[in-house]
Amino acid sequence: MEQHSETPSVRCDIQLKAQSAILKTLLPALLKTIQEVTEFMIDVEDDEEIHAHIRELATETVIDEVISLLTRDQSRASRSNMVYDVDGIGIDTLIACYSELTPHKAHKWYAERIGADQERYTHLLRCLPEHIKW
């Protein structure tokens, strides 16, 4: 008798197409949104250290809001994915930082997720058909 999982697995070709579309369309829009929020908060007198801190705050806030929109969960994902020290003080979030959202690093992370090196992953993306037949 066949066993059915509670969460169906995603076909690899569909997963690759989703990743490709995210890298090409969604990620640039996300980075543009983060930049817009960053620019809203920075002051011309801020130094690079302050600018970097504000960019990370913008990144966390935008990601929290996108996750909230997609999951309809009002709790902040950055808080539920927080790393705490031995005293229970939040020291870092597991939400991706701005530098991890660059196209190169996102591409590398997707490749690692499917167990491929970047060259093999790029090849797999190029081999995707324009349309799949069910």
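Guide: Please note that this is a predicted model. The lining of the largest pocket divides into 16 nonpolar residues, one polar and four charged.

Visitor: How much space lies in the largest pocket?
Guide: The largest pocket holds about 680 Å³ of space. It is lined by 21 residues, and the closest to its centre are Ile22, Leu27, Leu30, Leu101 and Tyr110.

Visitor: Which helices each supply at least two residues of that lining?
Guide: They are helix H1 (12-41), helix H2 (48-71) and helix H4 (103-113).

Visitor: Let us change topic. How many salt bridges are found in the whole structure?
Guide: A search finds three. One of them joins the side chains of glutamate 60 and arginine 76, at 3.2 Å from N to O. Glutamate 60 lies in helix H2 and arginine 76 in the loop between H2 and helix H3 (77-80), so this pair ties together parts that are 16 residues apart in sequence.

Visitor: Which aspartate also forms a salt bridge with arginine 76?
Guide: That is aspartate 64, with the closest N and O atoms 3.0 Å apart.

Visitor: Is aspartate 64 buried or exposed?
Guide: Aspartate 64 counts as buried because its relative accessibility is 3%, and buried means under 20%. Arginine 76, at 35%, counts as partly exposed.

Visitor: And which residues form a nonpolar patch on the surface?
Guide: Phe40, Met41 and Leu57 form it, with about 320 Å² of accessible area together. Phenylalanine 40, found in helix H1, is exposed, with a relative accessible area of 73%.

Methods: Residues are numbered from 1 along each chain as its sequence is written. This is a predicted model: local features need pLDDT of at least 70, side-chain atom pairs count only at pLDDT 80 or more; totals for chains, interfaces and linings use all residues. Side-chain values use heavy atoms; hydrogens and water are left out. On a 1 Å grid over the protein atoms alone, a cavity is a set of points where a 1.4 Å probe fits but cannot get out, and a pocket is an open set with protein on both sides within 12 Å along at least five of seven lines; lining residues have an atom within 4 Å of a point. Grid points are joined across faces, edges and corners, and a volume is the space filled by probe spheres set on the points. Helices (H or I, at least four residues) and strands (E, at least two) are DSSP runs, numbered from the N terminus. Ala, Val, Leu, Ile, Met, Phe, Trp, Tyr, Cys and Pro count as nonpolar, Asp, Glu, Lys and Arg as charged, and the others, Gly among them, as polar. Patches are made of residues with over 30% relative accessible area and no salt bridge: like charges are joined within 9 Å, nonpolar side chains (Val, Leu, Ile, Met, Phe, Trp, Tyr) within 5 Å. Accessible areas come from the Shrake-Rupley method with a 1.4 Å probe; for residues, only the protein chains shown count as cover. A salt bridge is a side-chain nitrogen of Lys or Arg within 4 Å of a carboxyl oxygen of Asp or Glu. Buried means under 20% relative accessible area, exposed over 50%, partly exposed in between (1.4 Å probe, protein chains only).
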